[in-house]
Amino acid sequence: MSALFISAAHKSSGKTMVSVGLTAAFTARGLKVQPFKKGPDYIDPMWLARASGRPCYNLDFNTQDDDEILATFARHAMEADLSLIEGNKGLHDGVSLDGADSSAALARRLGAPVVLVVDTLGMARGVAPLLAGYKAFDPQVNIAGVILNKVGASRQETKLRQAIERYTDIAVLGAIGRDEGPRVEERHLGLTTPLECPALTETIARLRAAVERGVDLDRLQTIARSAPAPVAKITVETRAKPDVRIAIARDEAFGFYYADDLEALERAGAELVYFDAIRDRQLPACDGLFIGGGFPETSAARLSGNSALRMQIKDALRAGLPCYAECGGLMYLTRSIEWDGKRHEMVGVVPADTRMEKRPQGRGLVKLEETDAAPWGRVDNEIRAHEFHHGALYNIEPTSRFAYRVRRGHGVDGVHDGFVVGNLLASFTHLRDTQAHHWAQRFVSFVRNVKQQRGNSAATPLFSPPPASSVDATPMPAPSTSGDHAAARSGGALPALPIALNVSAQWGIVVGGNIDAARHAEMLLRAGAAVTVFSSSLCSEFVALRERFSFEHVARLPARRAELEGVAICAIALDDVQAQERVRALAKQAGALVNVAGNPALCDFTFPSIIDRAPLMIAIASGGASPLLTRILRARIESTIPAHYGKLAEFVRAHRADVVAHIDDGRARLRFWERVLEGPIAELVLAGDADRAASALVDELRSSTRGDDRICGEVYLVGAGPGDPDLLSFRALRLMQKADVVLYDNLVESAIVDLVRRDAERIYVGKRSGDHALPQEEIVDLLVRLAQQGKRVLRLKGGDPFIFGRGGEEIEKLAENRIPFQVCPGVTAAIGCAAYAGIPLTHRDHAQSVVFVTAHGKNGPLDLDWSALAKPGQTAAVYMGLSRIEKLMHEFEAHGADPDTPAAIVDNGTRPNQRVVAGTVRTLAEKARAAQLRGPTIVIVGSVVTLRDRLDWYNSTKSQN
């Protein structure tokens, strides 16, 4: 038996990242590492499971007694070479004053040696009394060693080691530097999940590397072997034959599932199938539905954008499909989720709306008592569970029925939890399947009973998706450039799968002789297919087509399946609907992909409009919604892409092998091709001088292999504007596609962040008044550090970086460190918000000047020249003024401004949820407070505000749309 218990002196010491690194490092040594987590916890086990390749199991005093904890541990530990248990909070922290539910108590119960992770930030000799105190506080806990985390310079590490060795008998097992390993973002419920990490494999690999560099793994293995074998009564778990099918949401929004709960569902007779609530447009065939917790609020736009799945779930639940939903799942099933000032439509089965609050609404252990409304049958014993949510429900239907009375905790309203709607049970509480409450068995039995009552056989699911809709073999649609930013942010719910289908030397048939049939035949022939046309007659376009291509013509429609055996693709262009369906049925029986012109519902794919720059091809499609629109867009795009771009693609293909042979490093190779494609070599190819281009490429390649191509990082300081993605400049979009890593803040709309290159690392640095996720000094240091690593760093800032954006401070530091940088201006908030509010900042009849000021200085409120600001014939635009709106208006009036001077405040300007509150210097503060604005805002003071009602084009456009 080998076991290690990883704990810490306090939370946020880096314990989880060290545990993940250790798990990955031991796994890389060929050990079967079984991870455990002191619960309740969902997120840390997800990371540990990814690092080990094995499910991670919770050990939880709240829902399990000592014997069950030991049995759970022993059952899974016996199948592994090493068990790694990560504690929670600090070693001695817990709800109980006597520490009975602490990590220390769990380590004692398991007999596992403890390795303490210590956050050494700012520490030196003081680490010794800390460790000595932990060792003496509970002598029964075997603290076998310490890993020093977040260590600064080597000098600090030396002092720490010397102090520990002199004053304690605790072994130092390793040290990990402050800047080693990746930084995993934290938010309101802890770490982000692996499902949301765009570079998951790389992140775990870097954590493993940091541990391998700094920790004595051999010594840790020796310590682990000292753990005694657990003595526990292990029962043999049998599994029933699956007779019901339960669909489970698993994606970036929903990922909170206990491994042993899923196993309990399977033991009870459930076959589990998973679906993606963000991208899948249909539910899988199923008898029941389970939507667990997660972060639906951070994916709210994308969940809302997948309206096809939302409506299907709504219809299925209203038709009686059994469903269990926890926390995030409950929120998804309400009418809407409001987060960060934005409201998104959700499924709408639960009669309430969700608002995300800054403070937790329910947090910690829960005790529930079931009511007569409980759909799975009522149990009399108390249910022990847990909750942790920032979601609050409002607009709750007064007649709502609840499955639980809350004896401890908060639930929905401090008294109730567990909405019951038909066969749905949806609660904020997270259940755990244990000896005290086998909820999985109860839910599966309920699903089985509903299925039997409906008369469905085991092979016939309660819910089956409708026939698949049109699948569109076209490129991924570009981000929306309309006012519908929610759709632009969604990033999921594609109308069709973008693929390029190779039909070279395949047999394709075209059924019909009209112009649509001729166009489809031409595309198949150009793609290299062998084509047979079935039609009694052919239009003139076919005559012209025969002059360029050879195809077979059969002067009738296909009548038997045998005629179509071996066909790969079929295009049908017939006016006769019955003939369409008959031929489609024959083609599908023969295994062909089918397109039916003018009838997207019968299509497996649609033909896109093509921009041909062979071998470069650009296709545009609307999923069959409007072929005419695709042709119009093609004509517009065609004029912007030079004809010789195909030659450029051929040039790259011809030289790719040489470049790969000479440049091993992937990043260096990418930089090389960027220089080629964005520099004079590409211009030579486009000018038709391929020989000179090839010679120049050889010279560039020689320079690279001589070492002249040293990777040099660069920083792009880009203004993202006030919110509307349409306001981005072409140069901003180009730089966003070049960046390796992006640092963005709270004022940057998520739809804009989504336009950054897909594989770029994203780092949130959270800049909002009074709420800085990362101090400005650390942001600047991070920019320098990332650039020195050779990365192209995009610093994406709301508005314009040089207008109250602290861009000057950032590039000063870059210049000091000789980091190359570019600055791309953006539409500053005052200009953008004023324009979208219909308020011209200058006007010959109202204002001959405009002044921009901020209500926040470096160390607080500014001492402004109020007399100059308050003079007539001028417009004042005040940034960040919402929190001090009363003070602002008072100062304007006190320094001579007419109290009746028009004034307005624009909230979330240029965004879909823009609100404008207009008044006067005397009344604006009161109106703004009554409107409960959330920001960001711009305050505009001056006579120009009176023009708003006549010039309010943005709201007029939205109402017309």
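This is a predicted model: local features need pLDDT of at least 70, side-chain atom pairs count only at pLDDT 80 or more; totals for chains, interfaces and linings use all residues.
Residues are numbered from 1 along each chain as its sequence is written, and side-chain values use heavy atoms, with hydrogens and water left out.

Side chains of opposite charge can pair when their charged atoms come close. The structure holds 49 salt bridges, each being a side-chain nitrogen of Lys or Arg within 4 Å of a carboxyl oxygen of Asp or Glu. Select Glu 157 and Arg 161: their closest N and O atoms are 3.0 Å apart. Both sit in helix α6 (residues 154–167), 4 residues apart, so about one helical turn separates them. (Helices, H or I with at least four residues, and strands, E with at least two, are DSSP runs numbered from the N terminus.) Glu 157 is partly exposed at 25% relative accessible area, and Arg 161 is partly exposed at 24%. Here buried means under 20%, exposed over 50%, and partly exposed in between, using a 1.4 Å probe and protein chains only.

**Stop two: a pair across two helices**

Now pick Glu 522 and Arg 548, which meet in a salt bridge of 2.9 Å, N to O. This pair links distant parts of the chain: Glu 522 is in helix α15 (residues 515–526) and Arg 548 in helix α16 (residues 540–548), 26 residues apart. Glu 522 is partly exposed at 23%, while Arg 548 is exposed at 52%.

**Stop three: a buried pair**

Next, select Glu 810 and Lys 797, joined by a salt bridge of 3.1 Å, N to O. Glu 810 belongs to helix α26 (residues 807–816) and Lys 797 to strand β37 (residues 792–797), 13 residues apart. Are these two side chains buried or exposed? Glu 810 is buried at 0%, and Lys 797 is buried too, at 4%.

For a network, highlight Lys 15, Lys 37, Asp 41, Asp 44 and Glu 86, which are joined by salt bridges that share partners.

**Last stop: a nonpolar patch**

Finish with Leu 497, Ile 499, Leu 501 and Leu 593, a nonpolar surface patch with about 340 Å² of accessible area together. Patch residues have over 30% relative accessible area and no salt bridge; like charges are joined within 9 Å, nonpolar side chains (Val, Leu, Ile, Met, Phe, Trp, Tyr) within 5 Å. Accessible areas come from the Shrake-Rupley method with a 1.4 Å probe, and for residues only the protein chains shown count as cover. Zoom in on Ile 499, found in the loop between α14 (485–490) and β25 (507–511); it is partly exposed at 42%.
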